[in-house]
Amino acid sequence: MNNKPVTSLPALRVRQWLADWDLIEWRAHENRAKPKHWFYQFSMVASKLKVLSGVYPRTTTDRIDSTEDLGIQRRRDESRSAEIQRFIKSGYPWSALSEAKRNSGEFEDLRQPGWLPTAVVVNILLPKDTRRGKTVSPNDLIRVKDNDDGYANILLPESFNNENWQPDGIHPIEVIDGQHRLWAFAEEELDGDFELPVVAFVGLDLSWQAYLFYTINIKPKKINTSLAFDLYPLLRTEQWLVKFEGHSIYRETRAQELVDLLWSHEESPWYHRINMLGESGNRGLMVTQAAWVRSLMASFIKNWEGHRIKIGGLFGSAVGQHDTVLPWNRAEQAAFLIVIGQLVKDAIRMAEQPWINALRNQNIQESLLSDDDLAFVGHNTLLNQDQGIRTLLQIVNDLCFVRTDYLLLYDWGGMTHEEKDQEPIKVGIQSLLKEERIIGFLTELAENLVTYDWRASSGPGLTDEERTRKAAFRGSGGYRELRQDVLHHLSGCHGAVAESASDVITRLGYK
(Lines give C-alpha, C1' and ligand atoms only; values in the text may rest on other atoms or scores of the structure.)
Protein backbone atom coordinates (compact mmCIF):
# COMPACT_ATOMS: atom_id res chain seq x y z
CA MET A 1 0.00 0.00 0.00
CA ASN A 2 1.27 3.44 -0.89
CA ASN A 3 1.84 5.39 2.34
CA LYS A 4 3.20 8.49 0.68
CA PRO A 5 1.71 11.53 2.45
CA VAL A 6 -1.04 13.25 0.48
CA THR A 7 -1.89 16.83 1.35
CA SER A 8 -4.32 17.72 -1.46
CA LEU A 9 -6.84 15.86 -3.60
CA PRO A 10 -8.25 17.16 -6.90
CA ALA A 11 -12.05 17.27 -6.92
CA LEU A 12 -14.90 18.05 -9.28
CA ARG A 13 -17.46 20.57 -8.03
CA VAL A 14 -20.96 19.36 -8.91
CA ARG A 15 -23.71 21.98 -8.87
CA GLN A 16 -27.20 20.73 -8.03
CA TRP A 17 -29.73 23.42 -7.19
CA LEU A 18 -33.15 24.30 -8.54
CA ALA A 19 -35.00 27.57 -8.15
CA ASP A 20 -37.89 25.62 -6.64
CA TRP A 21 -35.63 24.59 -3.77
CA ASP A 22 -35.47 28.20 -2.62
CA LEU A 23 -39.09 27.78 -1.54
CA ILE A 24 -38.16 25.10 1.01
CA GLU A 25 -38.42 26.18 4.63
CA TRP A 26 -34.91 25.92 6.02
CA ARG A 27 -34.82 25.54 9.82
CA ALA A 28 -31.35 25.61 11.35
CA HIS A 29 -32.74 25.11 14.86
CA GLU A 30 -34.08 21.73 13.72
CA ASN A 31 -30.77 20.63 12.14
CA ARG A 32 -32.12 21.55 8.68
CA ALA A 33 -30.00 24.57 7.79
CA LYS A 34 -29.83 25.58 4.14
CA PRO A 35 -27.08 23.54 2.42
CA LYS A 36 -24.57 24.66 -0.16
CA HIS A 37 -25.64 24.55 -3.82
CA TRP A 38 -23.01 21.96 -4.71
CA PHE A 39 -21.06 18.93 -3.56
CA TYR A 40 -17.71 17.46 -4.60
CA GLN A 41 -16.52 14.26 -6.24
CA PHE A 42 -13.03 12.84 -5.82
CA SER A 43 -11.22 9.59 -5.05
CA MET A 44 -9.28 8.68 -1.93
CA VAL A 45 -7.36 5.70 -0.58
CA ALA A 46 -9.90 3.73 1.45
CA SER A 47 -7.71 3.24 4.50
CA LYS A 48 -7.04 6.99 4.73
CA LEU A 49 -10.71 7.84 4.36
CA LYS A 50 -11.46 5.36 7.15
CA VAL A 51 -9.01 7.06 9.49
CA LEU A 52 -10.22 10.59 8.74
CA SER A 53 -13.83 9.58 9.37
CA GLY A 54 -13.15 7.58 12.53
CA VAL A 55 -14.87 4.46 11.29
CA TYR A 56 -14.25 1.86 13.97
CA PRO A 57 -16.48 -0.97 15.14
CA ARG A 58 -18.60 -0.32 18.24
CA THR A 59 -18.70 -3.33 20.57
CA THR A 60 -19.56 -3.93 24.19
CA THR A 61 -15.96 -4.82 25.01
CA ASP A 62 -14.11 -2.27 22.90
CA ARG A 63 -16.31 0.78 22.61
CA ILE A 64 -15.36 4.11 21.10
CA ASP A 65 -14.59 6.70 23.74
CA SER A 66 -17.59 8.93 24.33
CA THR A 67 -15.65 11.97 23.13
CA GLU A 68 -15.41 10.40 19.69
CA ASP A 69 -18.66 8.48 19.45
CA LEU A 70 -21.11 11.27 18.71
CA GLY A 71 -23.99 9.36 17.22
CA ILE A 72 -22.82 9.77 13.65
CA GLN A 73 -21.46 6.27 13.32
CA ARG A 74 -23.90 3.65 12.10
CA ARG A 75 -24.47 0.21 13.52
CA ARG A 76 -22.15 -2.41 12.19
CA ASP A 77 -23.24 -5.70 10.69
CA GLU A 78 -20.03 -7.72 10.96
CA SER A 79 -21.14 -10.35 8.45
CA ARG A 80 -21.83 -7.65 5.89
CA SER A 81 -18.39 -6.07 6.35
CA ALA A 82 -16.73 -9.48 6.13
CA GLU A 83 -18.52 -10.30 2.89
CA ILE A 84 -17.55 -6.94 1.39
CA GLN A 85 -13.95 -7.63 2.33
CA ARG A 86 -14.09 -11.04 0.64
CA PHE A 87 -15.65 -9.41 -2.42
CA ILE A 88 -12.89 -6.80 -2.60
CA LYS A 89 -10.21 -9.48 -2.50
CA SER A 90 -11.78 -12.06 -4.79
CA GLY A 91 -14.98 -10.72 -6.32
CA TYR A 92 -18.25 -12.54 -6.89
CA PRO A 93 -19.29 -15.39 -6.67
CA TRP A 94 -16.24 -16.44 -4.62
CA SER A 95 -17.19 -13.99 -1.85
CA ALA A 96 -20.58 -15.68 -1.41
CA LEU A 97 -19.20 -19.22 -1.02
CA SER A 98 -19.27 -20.98 2.34
CA GLU A 99 -16.08 -20.97 4.38
CA ALA A 100 -15.57 -24.66 3.73
CA LYS A 101 -15.76 -24.17 -0.04
CA ARG A 102 -13.45 -21.15 0.08
CA ASN A 103 -10.86 -23.17 1.99
CA SER A 104 -11.16 -26.29 -0.18
CA GLY A 105 -9.09 -24.90 -3.04
CA GLU A 106 -11.59 -26.27 -5.57
CA PHE A 107 -13.10 -22.92 -6.49
CA GLU A 108 -10.03 -20.76 -7.15
CA ASP A 109 -11.17 -20.29 -10.73
CA LEU A 110 -14.12 -18.27 -9.45
CA ARG A 111 -11.95 -15.42 -8.18
CA GLN A 112 -12.67 -12.09 -9.90
CA PRO A 113 -11.79 -8.42 -9.36
CA GLY A 114 -13.80 -6.83 -6.55
CA TRP A 115 -14.53 -3.37 -7.91
CA LEU A 116 -16.47 -0.88 -5.77
CA PRO A 117 -17.49 1.84 -8.24
CA THR A 118 -20.31 3.26 -6.08
CA ALA A 119 -19.35 6.40 -4.18
CA VAL A 120 -19.04 6.67 -0.43
CA VAL A 121 -21.13 9.69 0.63
CA VAL A 122 -19.57 11.86 3.33
CA ASN A 123 -19.90 15.21 5.05
CA ILE A 124 -16.87 17.42 5.69
CA LEU A 125 -17.29 19.29 8.95
CA LEU A 126 -16.84 23.05 9.20
CA PRO A 127 -15.26 24.82 12.20
CA LYS A 128 -18.72 25.84 13.46
CA ASP A 129 -20.22 22.34 13.28
CA THR A 130 -20.87 20.97 16.77
CA ARG A 131 -21.54 17.38 17.78
CA ARG A 132 -22.61 16.93 21.41
CA GLY A 133 -20.80 20.14 22.30
CA LYS A 134 -17.59 19.24 20.47
CA THR A 135 -15.98 20.54 17.29
CA VAL A 136 -13.10 19.60 14.99
CA SER A 137 -9.74 20.87 16.20
CA PRO A 138 -8.39 23.66 13.92
CA ASN A 139 -5.36 21.54 13.01
CA ASP A 140 -7.61 18.62 12.02
CA LEU A 141 -9.96 20.49 9.69
CA ILE A 142 -10.31 19.55 6.03
CA ARG A 143 -10.50 22.64 3.85
CA VAL A 144 -11.89 22.98 0.33
CA LYS A 145 -10.32 25.40 -2.14
CA ASP A 146 -12.63 26.19 -5.06
CA ASN A 147 -11.05 27.02 -8.40
CA ASP A 148 -12.53 29.13 -11.19
CA ASP A 149 -12.66 26.24 -13.67
CA GLY A 150 -15.31 24.19 -11.80
CA TYR A 151 -12.73 22.10 -10.02
CA ALA A 152 -11.51 22.23 -6.44
CA ASN A 153 -8.79 20.96 -4.16
CA ILE A 154 -9.55 19.01 -0.99
CA LEU A 155 -6.86 20.07 1.48
CA LEU A 156 -6.27 17.40 4.11
CA PRO A 157 -5.53 18.32 7.75
CA GLU A 158 -2.12 19.77 8.47
CA SER A 159 -1.69 17.16 11.18
CA PHE A 160 -2.63 14.18 9.01
CA ASN A 161 0.27 11.87 8.23
CA ASN A 162 -0.63 8.15 8.19
CA GLU A 163 -3.13 5.44 9.17
CA ASN A 164 -2.16 5.78 12.85
CA TRP A 165 -3.36 9.38 12.96
CA GLN A 166 -5.80 10.43 15.66
CA PRO A 167 -7.57 13.80 15.85
CA ASP A 168 -7.37 16.08 18.87
CA GLY A 169 -11.16 16.46 18.85
CA ILE A 170 -13.83 14.84 16.71
CA HIS A 171 -13.03 13.46 13.26
CA PRO A 172 -13.31 15.92 10.34
CA ILE A 173 -15.44 13.59 8.17
CA GLU A 174 -18.85 12.04 8.83
CA VAL A 175 -19.84 9.06 6.68
CA ILE A 176 -23.43 9.30 5.46
CA ASP A 177 -23.44 6.16 3.34
CA GLY A 178 -20.77 3.53 2.70
CA GLN A 179 -19.56 2.87 6.22
CA HIS A 180 -19.61 -0.90 5.82
CA ARG A 181 -17.33 -0.56 2.82
CA LEU A 182 -14.83 1.27 5.00
CA TRP A 183 -15.20 -1.27 7.79
CA ALA A 184 -14.09 -3.90 5.28
CA PHE A 185 -10.65 -2.29 5.40
CA ALA A 186 -10.45 -2.39 9.19
CA GLU A 187 -9.63 -6.05 9.77
CA GLU A 188 -6.48 -6.53 7.69
CA GLU A 189 -4.27 -4.73 5.23
CA LEU A 190 -4.98 -5.20 1.54
CA ASP A 191 -2.04 -5.23 -0.86
CA GLY A 192 -1.89 -2.38 -3.34
CA ASP A 193 -3.72 0.92 -3.54
CA PHE A 194 -7.48 0.72 -3.35
CA GLU A 195 -9.19 4.04 -3.83
CA LEU A 196 -12.88 4.71 -3.33
CA PRO A 197 -14.95 7.26 -5.21
CA VAL A 198 -16.24 9.87 -2.77
CA VAL A 199 -19.16 12.27 -2.91
CA ALA A 200 -18.54 14.95 -0.30
CA PHE A 201 -20.95 17.52 1.08
CA VAL A 202 -19.57 20.33 3.20
CA GLY A 203 -21.21 21.50 6.42
CA LEU A 204 -24.35 19.45 5.76
CA ASP A 205 -26.74 19.55 8.69
CA LEU A 206 -27.62 16.33 10.53
CA SER A 207 -31.23 16.20 9.41
CA TRP A 208 -30.19 16.32 5.78
CA GLN A 209 -27.72 13.52 6.39
CA ALA A 210 -30.56 11.39 7.73
CA TYR A 211 -32.62 12.34 4.69
CA LEU A 212 -29.84 11.25 2.33
CA PHE A 213 -29.37 7.95 4.15
CA TYR A 214 -33.10 7.26 3.89
CA THR A 215 -33.40 8.11 0.19
CA ILE A 216 -30.26 6.12 -0.69
CA ASN A 217 -30.78 3.02 1.41
CA ILE A 218 -34.40 2.63 2.41
CA LYS A 219 -36.85 4.06 -0.07
CA PRO A 220 -35.49 2.46 -3.26
CA LYS A 221 -34.30 -0.79 -1.65
CA LYS A 222 -37.14 -1.39 0.84
CA ILE A 223 -34.76 -2.15 3.69
CA ASN A 224 -36.51 -3.34 6.85
CA THR A 225 -37.72 -0.11 8.43
CA SER A 226 -36.98 -1.19 11.98
CA LEU A 227 -33.39 -2.01 11.05
CA ALA A 228 -33.08 1.35 9.31
CA PHE A 229 -33.98 3.21 12.49
CA ASP A 230 -31.28 1.29 14.34
CA LEU A 231 -28.71 2.07 11.66
CA TYR A 232 -29.55 5.78 11.70
CA PRO A 233 -31.32 6.69 14.99
CA LEU A 234 -31.89 10.31 13.92
CA LEU A 235 -34.57 9.05 11.51
CA ARG A 236 -36.78 8.32 14.53
CA THR A 237 -37.35 12.05 15.02
CA GLU A 238 -37.59 13.25 11.42
CA GLN A 239 -40.97 14.97 11.11
CA TRP A 240 -41.04 14.80 7.30
CA LEU A 241 -40.83 11.02 7.53
CA VAL A 242 -43.44 10.74 10.27
CA LYS A 243 -45.85 12.99 8.39
CA PHE A 244 -45.40 11.17 5.08
CA GLU A 245 -45.25 7.55 6.24
CA GLY A 246 -47.41 7.86 9.37
CA HIS A 247 -46.56 7.26 13.02
CA SER A 248 -46.31 3.49 12.58
CA ILE A 249 -43.16 3.84 10.49
CA TYR A 250 -41.17 3.47 13.69
CA ARG A 251 -43.26 3.61 16.83
CA GLU A 252 -45.86 0.89 16.36
CA THR A 253 -43.53 -1.51 14.58
CA ARG A 254 -40.86 -1.20 17.27
CA ALA A 255 -43.42 -1.46 20.09
CA GLN A 256 -44.68 -4.76 18.70
CA GLU A 257 -41.13 -6.07 18.33
CA LEU A 258 -40.28 -5.16 21.92
CA VAL A 259 -43.43 -6.76 23.32
CA ASP A 260 -42.57 -9.97 21.50
CA LEU A 261 -39.07 -9.89 22.99
CA LEU A 262 -40.37 -9.21 26.50
CA TRP A 263 -42.66 -12.21 26.12
CA SER A 264 -40.09 -14.57 24.57
CA HIS A 265 -36.84 -13.82 26.41
CA GLU A 266 -36.27 -16.16 29.35
CA GLU A 267 -34.72 -13.46 31.54
CA SER A 268 -37.72 -11.19 31.15
CA PRO A 269 -39.98 -10.92 34.22
CA TRP A 270 -42.86 -10.97 31.70
CA TYR A 271 -41.65 -14.19 30.05
CA HIS A 272 -44.80 -15.93 28.71
CA ARG A 273 -46.91 -13.59 30.87
CA ILE A 274 -48.28 -11.37 28.11
CA ASN A 275 -51.55 -12.29 26.42
CA MET A 276 -50.14 -12.25 22.90
CA LEU A 277 -53.34 -13.41 21.19
CA GLY A 278 -55.80 -11.35 23.22
CA GLU A 279 -57.56 -14.48 24.46
CA SER A 280 -60.39 -13.92 26.92
CA GLY A 281 -60.96 -15.93 30.06
CA ASN A 282 -57.26 -16.44 30.85
CA ARG A 283 -56.88 -14.54 34.12
CA GLY A 284 -53.21 -15.52 34.37
CA LEU A 285 -52.43 -13.42 31.28
CA MET A 286 -54.24 -10.23 32.16
CA VAL A 287 -52.43 -7.70 29.95
CA THR A 288 -52.76 -8.16 26.20
CA GLN A 289 -50.13 -7.56 23.56
CA ALA A 290 -52.22 -4.67 22.22
CA ALA A 291 -52.27 -3.02 25.66
CA TRP A 292 -48.49 -3.40 25.95
CA VAL A 293 -48.02 -1.86 22.49
CA ARG A 294 -50.20 1.11 23.41
CA SER A 295 -48.33 1.53 26.70
CA LEU A 296 -44.92 1.55 25.01
CA MET A 297 -46.17 4.06 22.44
CA ALA A 298 -47.37 6.25 25.31
CA SER A 299 -44.04 6.03 27.11
CA PHE A 300 -40.69 4.89 25.74
CA ILE A 301 -41.55 5.25 22.05
CA LYS A 302 -43.61 8.43 22.12
CA ASN A 303 -42.43 11.59 20.41
CA TRP A 304 -43.39 14.46 22.71
CA GLU A 305 -45.92 14.82 25.51
CA GLY A 306 -47.11 18.09 23.98
CA HIS A 307 -45.98 21.27 22.26
CA ARG A 308 -44.98 22.95 25.51
CA ILE A 309 -44.13 19.94 27.65
CA LYS A 310 -40.78 18.46 26.77
CA ILE A 311 -40.88 14.90 28.05
CA GLY A 312 -40.50 12.49 25.17
CA GLY A 313 -39.77 8.79 24.89
CA LEU A 314 -36.26 7.53 25.52
CA PHE A 315 -36.45 5.30 22.44
CA GLY A 316 -38.10 7.78 20.08
CA SER A 317 -37.13 11.36 20.95
CA ALA A 318 -34.09 13.59 21.14
CA VAL A 319 -32.83 13.60 24.72
CA GLY A 320 -30.48 15.51 26.98
CA GLN A 321 -28.70 18.81 26.73
CA HIS A 322 -27.61 18.24 23.13
CA ASP A 323 -30.99 16.94 21.86
CA THR A 324 -29.40 13.74 20.62
CA VAL A 325 -31.29 10.52 19.88
CA LEU A 326 -30.10 7.55 21.95
CA PRO A 327 -28.51 5.12 19.46
CA TRP A 328 -29.76 2.01 21.27
CA ASN A 329 -30.87 -0.74 18.92
CA ARG A 330 -33.79 -3.11 19.41
CA ALA A 331 -31.85 -5.57 21.57
CA GLU A 332 -30.56 -2.81 23.84
CA GLN A 333 -34.00 -1.30 24.21
CA ALA A 334 -35.40 -4.71 25.18
CA ALA A 335 -32.53 -5.26 27.63
CA PHE A 336 -33.27 -1.91 29.30
CA LEU A 337 -36.95 -2.81 29.77
CA ILE A 338 -36.12 -6.29 31.07
CA VAL A 339 -33.68 -4.91 33.65
CA ILE A 340 -36.34 -2.44 34.82
CA GLY A 341 -38.81 -5.28 35.27
CA GLN A 342 -36.23 -7.40 37.07
CA LEU A 343 -35.43 -4.60 39.52
CA VAL A 344 -39.09 -3.93 40.32
CA LYS A 345 -39.79 -7.65 40.75
CA ASP A 346 -36.75 -8.05 43.02
CA ALA A 347 -37.72 -4.97 45.06
CA ILE A 348 -41.18 -6.45 45.63
CA ARG A 349 -39.67 -9.78 46.65
CA MET A 350 -37.46 -8.10 49.24
CA ALA A 351 -40.11 -5.73 50.60
CA GLU A 352 -42.63 -6.22 53.40
CA GLN A 353 -45.10 -3.50 52.54
CA PRO A 354 -48.68 -4.02 53.83
CA TRP A 355 -50.10 -4.07 50.29
CA ILE A 356 -47.59 -6.73 49.25
CA ASN A 357 -48.34 -8.97 52.23
CA ALA A 358 -52.08 -8.54 51.69
CA LEU A 359 -51.79 -9.82 48.11
CA ARG A 360 -49.48 -12.66 49.08
CA ASN A 361 -51.75 -13.79 51.90
CA GLN A 362 -54.93 -13.58 49.83
CA ASN A 363 -54.26 -16.99 48.36
CA ILE A 364 -51.65 -18.77 50.40
CA GLN A 365 -52.04 -21.99 48.47
CA GLU A 366 -51.45 -20.28 45.09
CA SER A 367 -48.49 -18.42 46.55
CA LEU A 368 -46.88 -21.60 47.84
CA LEU A 369 -47.31 -23.41 44.54
CA SER A 370 -45.83 -20.65 42.40
CA ASP A 371 -42.39 -19.11 42.16
CA ASP A 372 -44.02 -15.85 41.09
CA ASP A 373 -44.85 -13.14 43.58
CA LEU A 374 -48.59 -12.44 43.56
CA ALA A 375 -47.83 -8.79 44.28
CA PHE A 376 -46.17 -8.65 40.85
CA VAL A 377 -48.25 -11.03 38.71
CA GLY A 378 -51.37 -11.73 40.77
CA HIS A 379 -54.96 -10.96 39.77
CA ASN A 380 -55.34 -7.98 42.08
CA THR A 381 -52.13 -6.05 41.49
CA LEU A 382 -52.14 -3.11 39.12
CA LEU A 383 -48.70 -4.23 38.00
CA ASN A 384 -50.47 -7.05 36.16
CA GLN A 385 -53.16 -4.81 34.67
CA ASP A 386 -53.26 -2.41 31.75
CA GLN A 387 -53.28 0.78 33.84
CA GLY A 388 -50.40 -0.36 36.02
CA ILE A 389 -48.17 -1.49 33.15
CA ARG A 390 -48.65 1.81 31.35
CA THR A 391 -47.99 3.82 34.50
CA LEU A 392 -44.87 1.82 35.34
CA LEU A 393 -43.45 2.35 31.84
CA GLN A 394 -44.37 6.05 31.86
CA ILE A 395 -42.85 6.70 35.28
CA VAL A 396 -39.55 5.00 34.46
CA ASN A 397 -39.37 6.70 31.08
CA ASP A 398 -40.20 10.15 32.45
CA LEU A 399 -37.72 10.05 35.31
CA CYS A 400 -34.93 8.66 33.14
CA PHE A 401 -35.73 11.22 30.42
CA VAL A 402 -35.22 14.20 32.74
CA ARG A 403 -32.04 12.58 34.15
CA THR A 404 -30.56 11.56 30.78
CA ASP A 405 -27.38 13.63 31.03
CA TYR A 406 -26.68 12.72 34.67
CA LEU A 407 -27.18 9.03 33.99
CA LEU A 408 -24.93 9.18 30.89
CA LEU A 409 -27.51 7.12 29.03
CA TYR A 410 -25.91 8.00 25.70
CA ASP A 411 -22.66 6.34 26.72
CA TRP A 412 -24.22 2.93 27.31
CA GLY A 413 -24.80 0.48 24.50
CA GLY A 414 -22.93 -0.01 21.27
CA MET A 415 -23.52 -3.66 20.48
CA THR A 416 -23.14 -4.69 16.87
CA HIS A 417 -26.30 -5.51 14.98
CA GLU A 418 -27.45 -9.12 14.95
CA GLU A 419 -30.36 -10.71 13.12
CA LYS A 420 -31.28 -12.78 16.19
CA ASP A 421 -31.97 -10.81 19.34
CA GLN A 422 -31.85 -13.40 22.13
CA GLU A 423 -28.08 -13.45 22.61
CA PRO A 424 -27.57 -9.67 22.12
CA ILE A 425 -30.31 -9.05 24.71
CA LYS A 426 -28.47 -11.24 27.20
CA VAL A 427 -25.24 -9.37 26.47
CA GLY A 428 -27.10 -6.07 26.81
CA ILE A 429 -28.50 -7.06 30.22
CA GLN A 430 -25.07 -8.03 31.49
CA SER A 431 -23.59 -4.81 30.14
CA LEU A 432 -26.29 -2.59 31.65
CA LEU A 433 -25.95 -4.20 35.07
CA LYS A 434 -22.33 -2.99 35.12
CA GLU A 435 -23.35 0.64 34.57
CA GLU A 436 -23.31 1.72 38.22
CA ARG A 437 -24.83 5.15 37.74
CA ILE A 438 -27.78 3.88 35.69
CA ILE A 439 -28.41 0.80 37.81
CA GLY A 440 -28.08 2.80 41.01
CA PHE A 441 -30.81 5.18 39.91
CA LEU A 442 -33.08 2.42 38.57
CA THR A 443 -32.64 0.41 41.78
CA GLU A 444 -33.52 3.45 43.90
CA LEU A 445 -36.54 4.06 41.68
CA ALA A 446 -37.71 0.44 41.96
CA GLU A 447 -37.35 0.48 45.75
CA ASN A 448 -39.41 3.66 45.95
CA LEU A 449 -42.02 2.39 43.50
CA VAL A 450 -42.83 -0.62 45.69
CA THR A 451 -43.62 1.65 48.64
CA TYR A 452 -46.65 2.76 46.63
CA ASP A 453 -49.82 0.70 47.09
CA TRP A 454 -50.30 -1.10 43.77
CA ARG A 455 -53.43 -3.02 44.84
CA ALA A 456 -56.32 -2.80 42.39
CA SER A 457 -59.73 -1.69 43.68
CA SER A 458 -60.64 -5.38 43.95
CA GLY A 459 -57.61 -6.11 46.11
CA PRO A 460 -57.81 -7.42 49.68
CA GLY A 461 -57.55 -5.33 52.86
CA LEU A 462 -58.65 -1.99 51.39
CA THR A 463 -60.84 0.42 53.33
CA ASP A 464 -63.97 1.76 51.65
CA GLU A 465 -62.23 5.08 51.10
CA GLU A 466 -59.17 3.42 49.53
CA ARG A 467 -61.36 1.26 47.33
CA THR A 468 -63.28 4.28 46.08
CA ARG A 469 -60.08 6.18 45.35
CA LYS A 470 -58.60 3.25 43.43
CA ALA A 471 -61.78 2.85 41.42
CA ALA A 472 -60.86 6.18 39.79
CA PHE A 473 -57.96 4.42 38.10
CA ARG A 474 -60.33 2.42 35.89
CA GLY A 475 -61.24 3.44 32.36
CA SER A 476 -59.42 5.74 29.98
CA GLY A 477 -59.21 8.55 32.54
CA GLY A 478 -57.51 6.24 34.98
CA TYR A 479 -54.18 6.35 33.16
CA ARG A 480 -53.60 10.00 33.96
CA GLU A 481 -54.95 9.67 37.51
CA LEU A 482 -52.69 6.74 38.38
CA ARG A 483 -49.64 8.30 36.75
CA GLN A 484 -50.18 11.52 38.69
CA ASP A 485 -50.77 9.66 41.95
CA VAL A 486 -47.55 7.63 41.64
CA LEU A 487 -45.53 10.70 40.69
CA HIS A 488 -46.75 12.59 43.77
CA HIS A 489 -45.92 9.59 45.91
CA LEU A 490 -42.37 9.47 44.51
CA SER A 491 -41.90 13.20 44.95
CA GLY A 492 -42.46 12.68 48.66
CA CYS A 493 -39.60 10.19 48.87
CA HIS A 494 -35.95 11.19 49.11
CA GLY A 495 -32.91 11.60 46.88
CA ALA A 496 -32.57 11.69 43.12
CA VAL A 497 -35.87 9.89 42.52
CA ALA A 498 -37.83 12.50 44.48
CA GLU A 499 -36.07 15.34 42.65
CA SER A 500 -36.74 13.75 39.29
CA ALA A 501 -40.40 13.09 40.10
CA SER A 502 -40.86 16.72 41.12
CA ASP A 503 -39.27 17.82 37.86
CA VAL A 504 -41.62 15.58 35.88
CA ILE A 505 -44.66 16.89 37.78
CA THR A 506 -43.66 20.45 36.88
CA ARG A 507 -43.09 19.63 33.21
CA LEU A 508 -46.40 17.77 32.94
CA GLY A 509 -48.26 20.59 34.62
CA TYR A 510 -49.64 18.37 37.38
CA LYS A 511 -50.77 20.06 40.58
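Predicted model: local features only at pLDDT ≥ 70, side-chain atom pairs only at ≥ 80, totals over all residues.
Two aromatic rings of Phe, Tyr or Trp (for Trp, the six-membered ring) form a pair if their centres lie within 6.5 Å, and planes over 60 degrees apart make the pair edge-to-face.

**Exercise 1. An aromatic pair**

Task: How many aromatic pairs does the structure hold, and which kind of pair do Trp208 and Tyr211 form?

Solution. 
1. The structure holds 17 aromatic pairs.
2. The ring centres of Trp208 and Tyr211 are 5.9 Å apart, which is to be compared with the limit of 6.5 Å.
3. The planes of these two rings stand at 90°, so the pair is edge-to-face.
4. Trp208 and Tyr211 are 3 residues apart in helix H5 (residues 206–218), and therefore about one helical turn separates them.
5. An α-helix has 3.6 residues a turn, so residues three or four places apart point the same way.
6. Trp208 has a relative accessible area of 11% and is buried, whereas Tyr211, at 35%, is partly exposed.
7. Trp208 and Tyr211 belong to one aromatic cluster together with Trp17, Trp21 and Trp26.

**Exercise 2. A nonpolar patch**

Task: Which residues make the nonpolar surface patch of about 250 Å², and where does Leu18 lie?

Solution. 
1. The patch is made by Leu18, Trp21 and Ile24.
2. Leu18 is found in the loop between strand E1 (8–15) and strand E2 (38–45).
3. The relative accessibility of Leu18 is 48%, so this residue counts as partly exposed.
4. Trp21, a member of the patch, is also a member of the aromatic cluster.

**Exercise 3. Buried or partly exposed?**

Task: Is Gln394 buried or exposed, and which residues do Gln394 and Lys345 touch beyond four places in sequence?

Solution. 
1. Gln394 lies in helix H14, and Lys345 has its place in helix H10.
2. A residue is buried under 20% relative accessible area; at 6%, Gln394 therefore counts as buried.
3. Lys345 has a relative accessible area of 25% and so is partly exposed.
4. Beyond that sequence range, Gln394 touches Ala298, Ser299 and Arg483.
5. With the corresponding neighbours left aside, Lys345 is in contact with Pro269, Asp372 and Phe376.
6. Lys345 and Glu447 are 102 residues apart along the chain, and 9.8 Å separates their C-alpha atoms.

**Exercise 4. The whole chain**

Task: How many helices and strands does the protein chain have, and what share of its residues counts as buried?

Solution. 
1. The protein chain has 20 helices and 9 strands.
2. Of its 511 residues, 52% count as buried.
3. Of the contacts between residues at least 6 apart in sequence, 71% join residues at least 24 apart.
4. The accessible surface is about 24000 Å², and 49% of this area belongs to carbon and sulfur atoms.

Technical notes:
Residues numbered from 1 in each chain as written. Heavy atoms only, no water. Patch = residues over 30% accessible without salt bridge, like charges linked within 9 Å, V, L, I, M, F, W, Y side chains within 5 Å. Areas by Shrake-Rupley, 256 points an atom, 1.4 Å probe, with all protein chains shown as cover. Salt bridge = Lys/Arg side-chain N within 4 Å of Asp/Glu carboxyl O. Helix = DSSP H or I, 4+ residues; strand = E, 2+ residues; numbered from the N terminus. Buried < 20%, exposed > 50% of the residue type's maximum accessible area, 1.4 Å probe, protein only. Contact = heavy atoms within 4.5 Å. Phe/Tyr/Trp six-rings, centres within 6.5 Å; stacked < 30°, edge-to-face > 60°.
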